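Here is a set of questions and answers on helix packing, strand pairing, the chain contact and model confidence. Please read them alongside the sequence and coordinates.

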Amino acid sequence: MMVDETEPLKDGEAPNNETLAAELVLGLLDGDEKATALRKQLSDPAFAKSVDDWNRRVDPLFQEFQDVEPAPSVWDGIESRLDGGTFDDTVVQLKRWRMGAITSGALAACLALALIVGPGPFAPTSESQSVAVAQLTGNIEGLVLAVSYDPQTAEMRVDVDGMPKTETEPELWIVGRDGVPRSLGQIGRNGISQMTVPSDHRKLINAAATLQLSMEPPSEIPHAKPTSEPVATGKITII
Amino acid sequence: MPQTTETDRARAQLSALIGQAAGGDRQAFQDIYNLTSAKLFGVCLRILNDRQASEDALQDAYVKIWRNAGRFDPQRASPITWLATIARNTAIDRKRSGGNRVMVSDDAIKDMATDEQSALDRLEKQEGADILNKCLDSLEARQRNVIRTAFFEGHSYNELAQKLDTPLGTVKSWVRRGLKRLKDCMDDG
């Protein structure tokens, strides 16, 4: 059958697994779509193999990136982060947090996911030693967010469950001692979003801070300040 | 062929260093950094288009490499691809999380020319490059350009559509039809 190459795809047309794997490898996916694909990579060995295959296919393109020497200070920064992060807190807090966490289905699911051994060399990384966690809840029935943050990689994972349909997008804010919300960007409406926290916001992530979620107009870049009241909040705990 | 032997040896050396780093060997990790940081920094810089943000991303990438070295499987990926993929994904995550407010460059759709190859590039020279390039060349120009731009600049579908001032569905069509042709072509050898 002839395919009309000029005809656009219908909006919302779902890609097949092979296409989805390529889209994940190329980095075309965002938000929910990316989170869903990453989860699929962990749970579906056939899909994980497609991802490996696509990584192999595009592999030669890496030759085309130009070599550029980074500043010598970059190595010093790396070295200082190899042993432990900026956090060292007590086992007591860990135990308290674990007891509280067990009741949360969303968080339990998040932990279960983290325990799955990655099926391929490009699987999302999940292990961690010292992490910050938070559970966010609010007035919306059924809305739960489980957040974990690894200070060594500056990666934050947010697992969202029970987000109702709205025209606005969920945006995550960190509120430090000064009480000023600073945006960590918009996250997926459901499932796991993964992000690298900007360096100037990392120092705010400590046991004195709160995370807030507000619903904001869609934006590729973080807003300067929230335009609405938070729909969910939660204290950060260091474990 | 002598070059192949040299390539294999360099690859085996890098794989061995990653193995040693997985066992906690700091010196091996520093050797990995010295051998690969210019390549990985080039990857971050291309995607983030900002030196400070790229240096932050590079730090994040190497911390991830150190902590995940035990997961590297030389049977499944070449060492430099494994390292560069971590750097590329880290840079893309940083760009999307708003850690860097990047304006996409106006020449996003131009063909990416390569200058001379570094020692590391020669290390990675492989038969796969010929077939990939042959198959990319067989695509329609707009399919090829949109796939290459996505790879080299780390754009999402939405960013590409915005950049090209083209409806999202049309951009998806170009990419998906291009990817399908690319796969068919490469699978045929």
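Q: Is the crossing of α2(B) and α3(B) right-handed or left-handed?
A: The model is predicted. In it, α2(B) and α3(B) pack with their axes 9 Å apart, at an angle of about 135 degrees. The crossing of these two helices is right-handed.

Q: How many nonpolar residues does the contact of α2(B) with α3(B) have?
A: On the α2(B) side, the residues include B:Phe29, B:Tyr33, B:Leu40 and B:Phe41. They meet residues of α3(B), among them B:Ala57, B:Leu58, B:Tyr62 and B:Trp66. By class, the contact has two polar residues and one charged, and the nonpolar ones number 13.

Q: Which residues of α4(A) meet α3(B)?
A: From α3(B), the contact takes B:Glu55, B:Leu58, B:Gln59, B:Tyr62 and B:Val63. The residues of this contact divide into five nonpolar, two polar and one charged. From α4(A), the residues are A:Val74, A:Gly77 and A:Ile78.

Q: Which elements of chain A each supply at least two residues of the side that touches chain B?
A: The contact takes 53 residues from chain A and 69 residues from chain B. By class, the side of chain A has 26 nonpolar, 15 polar and twelve charged residues. The elements that each supply at least two residues of that side are α1 (17–26), α3 (45–58), α4 and β6 of chain A.

Q: How far apart are the axes of α1(A) and α3(A)?
A: The contact of these helices includes A:Ala21, A:Leu24 and A:Val25 of α1(A), and A:Phe47, A:Val51 and A:Trp54 of α3(A). Its residues divide into eight nonpolar, three polar and one charged. The crossing is right-handed. The angle is about 55 degrees, and the axes are apart by 8 Å.

Q: Which are the edge strands of the open sheet in chain A?
A: The sheet has eight strands with antiparallel pairing, in the order β5-β4-β7-β8-β1-β2-β3-β6. The twist averages 25 degrees from one strand to the next. An edge strand pairs on one side only, and in this sheet those strands are β5 (181–186) and β6 (191–196).

Q: Which residue is the bridge partner of A:Val160 in β6(A)?
A: Strand β3 of chain A covers residues 155–161. This strand and β6(A) pair in the antiparallel sense over six bridges. In β6(A), the bridge partner of A:Val160 is A:Gly191.

Q: Which helix of chain B has the highest confidence?
A: Chain B averages a pLDDT of 83, and 81% of the residues score at least 70. Over residues 99–119 of chain B, pLDDT stays under 50. Confidence in chain B is lowest in helix α5 (residues 119–124), at a mean of 50. The highest, at 96, is in helix α2 (residues 26–48) of chain B.

Q: How many contacts beyond near neighbours in sequence does the stretch of residues 84–121 of chain A have in the model?
A: The mean pLDDT of chain A is 74, and 74% of its residues reach 70 or more. Over residues 84–121 of chain A the pLDDT is below 50. Where pLDDT is low, the predicted coordinates should not be read in detail. With that caution, the number of such contacts for residues 84–121 of chain A is 54.

How values were computed:
Residues are numbered from 1 along each chain as its sequence is written. Chains are lettered from A and ligands numbered from 1 in the order in which they are written. This is a predicted model: local features need pLDDT of at least 70, side-chain atom pairs count only at pLDDT 80 or more; totals for chains, interfaces and linings use all residues. Two residues are in contact if their C-beta atoms, placed from the backbone, lie within 7 Å. Helices (H or I, at least four residues) and strands (E, at least two) are DSSP runs, numbered from the N terminus. Ala, Val, Leu, Ile, Met, Phe, Trp, Tyr, Cys and Pro count as nonpolar, Asp, Glu, Lys and Arg as charged, and the others, Gly among them, as polar. Two strands pair if DSSP finds at least two bridges between them. Axes are lines fitted to C-alpha atoms, for helices over the stretch in contact, and angles run from 0 to 180 degrees between N-to-C directions. pLDDT is the predictor's confidence in each residue, from 0 to 100. A crossing is left-handed if the near helix is turned anticlockwise from the far one by less than a right angle, and right-handed if clockwise.
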